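Visitor: I have a chain on the screen and some questions about it. Please show it first.

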Amino acid sequence: MSKDNEMIMCVDKGRLFLMGTPTAELVVKATTAPGIATLRRRGDVETDTSLLQPIPYTVVIAPFGEEGEAKVLMYKRSSKGGETRLQDKYSIGIGGHINGIDVENYFASPTEDSPCSACMFRELFEELGVDELNCEAVMLSDKPIYDDSEAVSSVHIGLLYTVILEDVPNINVEDALTSVEWVTIPDLAPGTERYDKLEGWSKYVAELLVNSLMESEE
């Protein structure tokens with residue numbers, strides 16, 4: 001099936017933003033709200049700014065070395081990636097559209113708290129090429145990513161998650177990801193070479209991680 005024919009989750013932007021920019025918790029709740037959330041053909045909504053496509057966007061962190069220094073998974077999107085507007089850009093977030101399978105998994109599973117978490121784990125398993133992960137998943141920020149200044153960001157709203165791995169998995173990334181490497185949080189600070197290579201959402205997340213690290217060291 002082509003990407004254009006994929007059925008993806010959309011939420012009504014007007015109702016979601018009724019009282020201003022919503023929290024991440026409200027966006028998650030909206031994905032299960034009748035009348036607000038619907039499944040639409042992807043090719044029909046990619047430029048429809050009356051709708052927003054929620055995207056779970058997950059940062060993967062693993063310990064390295066004897067002291068378990070935290071490192072972040074960074075990769076480059078290849079020309080085989082699904083979102084053509086992000087191809088050949090670097091990212092520290094793994095994400096994708098919520099689709100019908102995620103909705104089915106949410107209703108069928110007693111452990112999934114929303115289609116968002118179901119999508120998050122599906123995307124991680126698919127893009128890292130693993131069957132399971134020994135990890136803890138937490139919401140990184142209650143402030144979603146939303147930027148209407150660019151075409152690709154104006155129809156998406158990001159939900160930031162962090163997956164903290166207990167160990168480094170033997171990943172087998174799909175063809176959509178290339179140049180995979182593990183980098184320290186300071187390596188991603190604004191002004192560094194790696195930061196300058198990142199896509200817009202990843203720059204925002206990198207700044208959150210760097211600020212959080214600085215606060216923990218004070």
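Guide: Lys and Arg count as positive and Asp and Glu as negative; His and the chain ends are not counted. Keep in mind that this is a predicted model.

Visitor: How far apart do the centres of the positive and negative side chains lie?
Guide: The chain has 18 positive side chains and 39 negative ones.

Visitor: How many disulfides does the structure hold?
Guide: A disulfide needs two cysteine sulfur atoms within 2.5 Å. For Cys 10, the nearest cysteine sulfur is that of Cys 119, 13 Å away. The sulfur of Cys 135 is 15 Å from its closest cysteine sulfur, also in Cys 119, so a bond is ruled out by distance. The count of disulfides is 0.

Visitor: Is Cys 10 buried or exposed?
Guide: Buried means under 20% relative accessible area. Cys 10 has a relative accessible area of 0%, so Cys 10 is buried.

Visitor: What radius of gyration does the chain have?
Guide: The chain has 218 residues, and a compact globule with that number would have a radius near 17 Å. The chain agrees with this, because its radius of gyration is 17 Å.

Visitor: What share of the residues in the chain is buried?
Guide: The chain contains 8 helices and 9 strands. Of its 218 residues, the buried share is 46%.

Methods:
Residues are numbered from 1 along each chain as its sequence is written. This is a predicted model: local features need pLDDT of at least 70, side-chain atom pairs count only at pLDDT 80 or more; totals for chains, interfaces and linings use all residues. Side-chain values use heavy atoms; hydrogens and water are left out. Buried means under 20% relative accessible area, exposed over 50%, partly exposed in between (1.4 Å probe, protein chains only). Helices (H or I, at least four residues) and strands (E, at least two) are DSSP runs, numbered from the N terminus. The radius of gyration is taken over C-alpha atoms; the globule rule is 2.2 Å times the number of residues to the power 0.38. The place of a charge is taken as NZ of Lys, CZ of Arg, CG of Asp or CD of Glu.
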